[in-house]
Amino acid sequence: MHSFHYQNGQLHCESVDLTSIAEQFGTPTYVYSKATLSDHFTRLNQAMNKVDHLVCYAVKANSNLAVIDTLAKLGSGFDIVSAGELFRVIKAGGDPSKCTFAGVGKTRDEIRFALEHGIYSINVESLAELEAINEVANEMGKIAPVALRVNPNVDAKTHKYISTGKSENKFGIDFGKIEAAYDDAATRLKNVSLRGLQMHIGSQLTTIAPFLEAVRKVVPLAIALKEKHGIEFFSIGGGIGIVYHGSLSSGAPEWWQSEENTQITIEEYAETLVPELTSLGLRILLEPGRLIAGNAGALLTRVLYTKKGDTKTFQIVDSGMGDLIRPALYQGHHEIAPVTEPKTTATEKVDIVGPICESGDFFAQDTDLPPLAENDLIALLSAGAYGFTMASNYNSRPLPAEIMVDGGSVHEIRKRQTFDDLIAGESVLP
Ligand SMILES: *Cc1c(COP(=O)(O)O)cnc(C)c1O
């Protein structure tokens, strides 16, 4: 589901007109739908009902307190990758005992912070890290609950920058070494308890086959570890892809249709994987980020200038790679929807570019869009995940505002940064 649709010729989020949001809060602005966030979480949670499970939303996809709070109230756990993310979860009222902590480079301070707050599991990405966790726990007089992250060496068939489950990726511990690592930890490391097993093979997967291959490969290991070491959970990670092309659900005009409109549905994901997992007798953890938040958000921006070059027409907008870096970073695609519904099916080939001094600063290149004029508002759809969380102040541009729509209500969940925010903490030499 997603909640961006045309109504009376105007693009709405739930029942709020995006033009009114732009007028009230300015542009660029991120707009999120609470209903979509809740719907995606609830559907996944229900689809997994046949097995004991915990959905741990991956905070790095969208870490706004209002997003965390919305999901925490639905019972979500959280997958975090830094102490800063755990701090956000705690501030938003999330439960640390439902949090798992991933990431290849946790510092000792971060490990300590996680243990102080009674985290559910630290997911260990290397043997060296496991030693550090044991030492920190020992200093604190605690037993650290851990799960080792197995790298199953499965090709997720996604963009190489967001693939994580091949042996050449930096993530996890090689499949062939993992059982020995558990055995060694059980005999030698007195301040860790082996609570689970974890994997995560990549992001934006659009077919189910790599998930199934990875689960089938790792289930025998999970069984062995349960018998030998009494582990209680198996996390199958996140990575479920979403529709970026042609994502407006109803009344999508012809220029939206695209053959790349493939996606794994929540139901297909659960129906395929649950039968592989039910007999394990382990609690299954899921760590979706993009699936929950991606389609729940859009970036609202305004056309500043139209520039007709010799070979191209550029629509220069007031947002850029600083606000949404996915196109520049890994050729991410975002559907572009004019906020006022086009009256014709006519299109023009244009580049949508930002104000930042980089040639990589574009949202779309050589794309067919309805004619746009200066001051027109457009929405970059499916920008709810890895959008604001990856934003930067490059070119000293204040970060955009974030708005959450709940039915007919509009909530400012993060104020647009001011110039003073830009220099906060800086000083000149005396
Ligand atoms: C990023 C990440 C996720 C979430 O990935 P999505 O593609 O957003 O679902 C889950 N688990 C781990 C360990 C991650 O690093």
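This is a predicted model: local features need pLDDT of at least 70, side-chain atom pairs count only at pLDDT 80 or more; totals for chains, interfaces and linings use all residues.
Strand 1 and strand 2 form a hairpin, with two residues between them. In its turn, N8 has a positive phi of about 50°.

Strand 1 and strand 2 (residues 10-13) run antiparallel and share four bridges. F4 is bridged to C13, and H5 is bridged to H12. Strand 2 and strand 3 are antiparallel and joined by two bridges. H12 has D17 as its bridge partner in strand 3.

Together these strands make an open sheet of three, in the order 1-2-3, with antiparallel pairing. Strand 1 (4-7) and strand 3 (16-17) are the edge strands, as each pairs on one side only. What of the side chains of strand 2? Q10 and H12 point one way, L11 and C13 the other, and all are buried. In a regular strand, side chains alternate between the two faces of the sheet.

Turn now to the nonpolar interior. In soluble globular proteins, nonpolar side chains tend to be buried together. The largest nonpolar core here holds 102 residues. Within this core, L197, F234, I236, Y269 and I352 touch the most other members. Helix 8 (residues 209-229) supplies the largest share, nine residues. The core draws on both domains: at least three residues come from each of domain 1 (34-289) and domain 2 (295-423). C13 links back to the opening sheet, where C13 is the bridge partner of F4.

Leaving aside neighbours within four places in sequence, its contacts include L197, M199, V218, V219 and A222. They also include L277, L280, L282, R283, I284 and L285. Next comes S235, in strand 12 (residues 233-235). Is S235 buried or exposed? S235 counts as buried because its relative accessibility is 0%. Beyond residues up to four places away in sequence, S235 touches L197, Q198, M199, L285 and E287.

E287 leads on to the ligand. The ligand is surrounded by 15 residues, and the closest are K60, S203, G239, E287 and Y386. A polar backbone atom of G289 is 3.0 Å from an oxygen atom of the ligand. For R290, a backbone N or O atom lies 2.8 Å from a ligand oxygen.

The last stop is strand 19 (residues 377-380). Which way do its side chains point? L377 and A379 point one way, I378 and L380 the other, and all are buried. Strand 19 pairs with strand 14 (residues 297-308) in the antiparallel sense, over four bridges. Strand 19 also pairs with strand 16 (residues 336-338), again antiparallel, over three bridges.

Methods. Residues are numbered from 1 along each chain as its sequence is written. Side-chain values use heavy atoms; hydrogens and water are left out. A nonpolar core is a set of buried Ala, Val, Leu, Ile, Met, Phe, Trp, Tyr and Cys residues joined through side-chain atoms within 4.5 Å. Buried means under 20% relative accessible area, exposed over 50%, partly exposed in between (1.4 Å probe, protein chains only). Domain bounds come from an automatic or database domain assignment. Contact means heavy atoms within 4.5 Å. Two strands pair if DSSP finds at least two bridges between them. A residue is near a molecule or strand if one of its heavy atoms lies within 4 Å of it. A polar contact is a pair of N or O atoms within 3.5 Å; within protein, one must be able to donate a hydrogen and the other to accept it, and residues adjacent in sequence count only if both atoms are side-chain atoms.
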